[in-house]
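Visitor: I have a structure open and want to learn how to read it. Can you take me through some features, one at a time?

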Amino acid sequence: MKEEVEQPDKFSCHKFVVVFIFLSVFALILLSYYMEKDQKVAPPPHNSLGQNKVDTTPVWDLTGASNEDNFCRFPPVSPEDAVLERLLLASNAWPETPSLLANFSFSKTSNPRGSNFVILPKDGDPQWRVGDQLKVLIKINDFQGNPKKTGGDFIIARLHNPVLRAGVAGQVTDHLNGSYSAEFPLLWDGSAEVEVTLVHPSEAITVLSRLTREHPDRVQFVSIFRSGKVSEQTVCNVCLRPTEEPICDFTDSKTGEPWFCYKPKKLDCDTRVIHSRTDFKVNFGPYANLFQSKVNMNVLISSLGASSVNVLPKVKGTESGSKFNQSGYYFKGVWQSLTSTPVHHFETTTATSQCLQNKMLYMYGDSTVRQWYEYLIGRLPDLMHFNMNSLKLIGPFMGIDYKRKTMVRFRVHGPPLRFTPLPVAELHYVANELDTLVGGENTVVVFGVWAHFGTFPVEIYIRRLLSIRKAVIRLLKRAPDTLVVIRTANLRHLTPAVAWTNSDFYSLERDRILRAVFKDVNVRWVDAWDMTLSHYLPHDIHPPLPIIKNMIDVLLSYICPGMVS
């Protein structure tokens with residue numbers, strides 16, 4: 001007997017098809033969800049990178065070979081800039097430092113406590129007098145007690161008298177054979193004590209130099225892109241490591257200053273609203289022992305014999321033939337100029353206010369320039385801070401004295417900026433700001449741009465300075481009576497974390513470039529480097545009030561050269 005097979009009705013077939021389609025669609029949705037999830041970074045912790053997170057912690061190449069083919073290079077804006085860049089790099093090159101192999105011996109590196117200096121005797125007359133030049137010879141030994149045979153150590157020196165609160169920076173010369181000399185002008189009578197400090201051994205300079213070339217992104221920045229309720233965060237920097245991800249190019253159309261972000265996955269590039277810095281990890285890897293406080297970083301070098309001399313007054317009728325390399329010195333805590341421009345000291349608020357009468361003072365730069373704005377606002381009761389609802393540390397800020405027709409303004413420079421989150425609309429390049437000024441005899445421009453460029457190759461800094469230089473020249477051409485004052489870099493307290501991003505080596509390197517770029521331009525200088533090195537107070541990225549007061553006196557002396565307080 002033949003078995004009958006039940007045939008499904010049409011409704012059951014249709015039902016089966018619907019279920020199949022539903023399951024297929026659900027599977028596709030589920031697959032798509034997990035694929036998309038795999039491509040996303042987990043929800044970021046506080047102040048982390050979020051989307052496009054890139055681990056830039058250095059993976060140290062222990063072969064000692066330097067990766068010259070770095071990714072942070074840009075062609076100069078013009079052929080003229082290319083020539084200037086080559087000249088600047090050649091004339092400000094640091095002496096050659098040792099390459100560090102995988103098995104480098106710490107015991108053969110520079111040891112400040114095992115090194116020494118000696119005061120060289122004076123030719124002829126054994127008595128030291130005001131106007132003479134004092135010279136010391138510095139010998140660097142390694143941790144085995146052997147003399148170093150090469151140069152490249154970063155050494156600073158000063159001559160000081162704590163009782164008189166007097167001090168002057170020394171001019172250090174590297175003889176490229178493990179020995180150095182420092183020269184000081186003798187500027188006061190009485191005791192003058194020599195102080196020599198090893199900031200970094202030459203081996204540490206090798207590491208710091210490689211860091212800027214190979215890991216310029218060790219401090220990362222992020223931007224927030226927002227449109228309506230949709231918000232995304234991506235990594236940004238002057239230089240981004242090559243990836244397959246699309247890039248948003250925020251290069252400034254006028255100055256050519258580069259800035260890039262990884263493109264958000266959903267939003268367009270023009271939805272960028274917030275700029276910020278992220279946390280960073282300090283990782284000197286196998287070279288960490290080259291950055292030890294009290295061992296080989298910012299450590300005093302002892303004298304071999306006397307460390308001070310007694311200085312007699314200058315003999316009447318004699319003139320010093322010395323040419324000073326220093327811009328000035330402290331005596332009784334007050335800065336005295338060694339240049340052609342004397343420094344007047346504005347001890348009263350009335351004198352300061354009179355000097356600034358009818359003046360428009362524009363300040364641009366980092367927080368070390370913002371200190372000047374804060375000092376003036378705090379010191380002058382009639383200079384009222386105009387509340388523009390600006391971020392406390394960012395600005396822009398404006399102070400107005402209506403009675404004396406004085407205006408003081410401050411604005412931060414454009415990226416890179418390692419500040420708290422700030423609106424992208426407040427990122428203004430100094431060169432573009434200068435191009436908006438009319439200028440004239442009542443206009444004073446102050447800028448200081450250096451502290452946020454330590455992590456990048458020096459070519460990036462040169463590029464920024466050349467754009468500012470062109471803007472300064474344009475300003476002085478259309479308004480020659482405009483006063484332009486530049487605040488230089490200064491020393492700061494060093495820790496391993498500070499050395500990672502803002503070593504005094506980076507500051508000095510950029511300070512030398514800054515002075516060279518504006519050497520032939522009609523600008524004035526506030527030598528923050530000498531003013532912090534010569535002072536008795538500890539070094540700080542934001543110098544203490546007594547130093548700021550002296551800096552403002554220098555600035556006011558340029559504004560009011562004929563005014564004596």
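Visitor: Where does V83 lie?

Guide: V83 lies in helix 2, which covers residues 79-91. Keep in mind that this is a predicted model.

Visitor: Is V83 buried, exposed or partly exposed?

Guide: Read the relative accessible area against two cut-offs. Under 20% is buried, over 50% is exposed, and partly exposed is in between. V83 has 39%, so it counts as partly exposed.

Visitor: Which residues form a nonpolar patch on the surface?

Guide: A patch takes residues with over 30% relative accessible area, and nonpolar side chains are joined within 5 Å. Here V83 forms one with L84 and L87. Together the three have about 240 Å² of accessible area.

Visitor: Now T443. Is T443 buried or exposed?

Guide: Apply the cut-off again. T443 has a relative accessibility of 2%, so it is buried. This residue belongs to strand 23, residues 443-448.

Visitor: What does T443 touch?

Guide: Set aside residues up to four places away in sequence; T443 then touches M360, Y362, T482 and L483.

Visitor: How many helices and strands are in the chain?

Guide: The chain has 11 helices and 25 strands.

Visitor: What share of the chain is buried?

Guide: Of its 565 residues, 51% are buried. The chain exposes about 27,300 Å², and carbon and sulfur atoms supply 56% of that area.

Methods
Residues are numbered from 1 along each chain as its sequence is written. This is a predicted model: local features need pLDDT of at least 70, side-chain atom pairs count only at pLDDT 80 or more; totals for chains, interfaces and linings use all residues. Side-chain values use heavy atoms; hydrogens and water are left out. Patches are made of residues with over 30% relative accessible area and no salt bridge: like charges are joined within 9 Å, nonpolar side chains (Val, Leu, Ile, Met, Phe, Trp, Tyr) within 5 Å. Accessible areas come from the Shrake-Rupley method with a 1.4 Å probe; for residues, only the protein chains shown count as cover. A salt bridge is a side-chain nitrogen of Lys or Arg within 4 Å of a carboxyl oxygen of Asp or Glu. Helices (H or I, at least four residues) and strands (E, at least two) are DSSP runs, numbered from the N terminus. Buried means under 20% relative accessible area, exposed over 50%, partly exposed in between (1.4 Å probe, protein chains only). Contact means heavy atoms within 4.5 Å.
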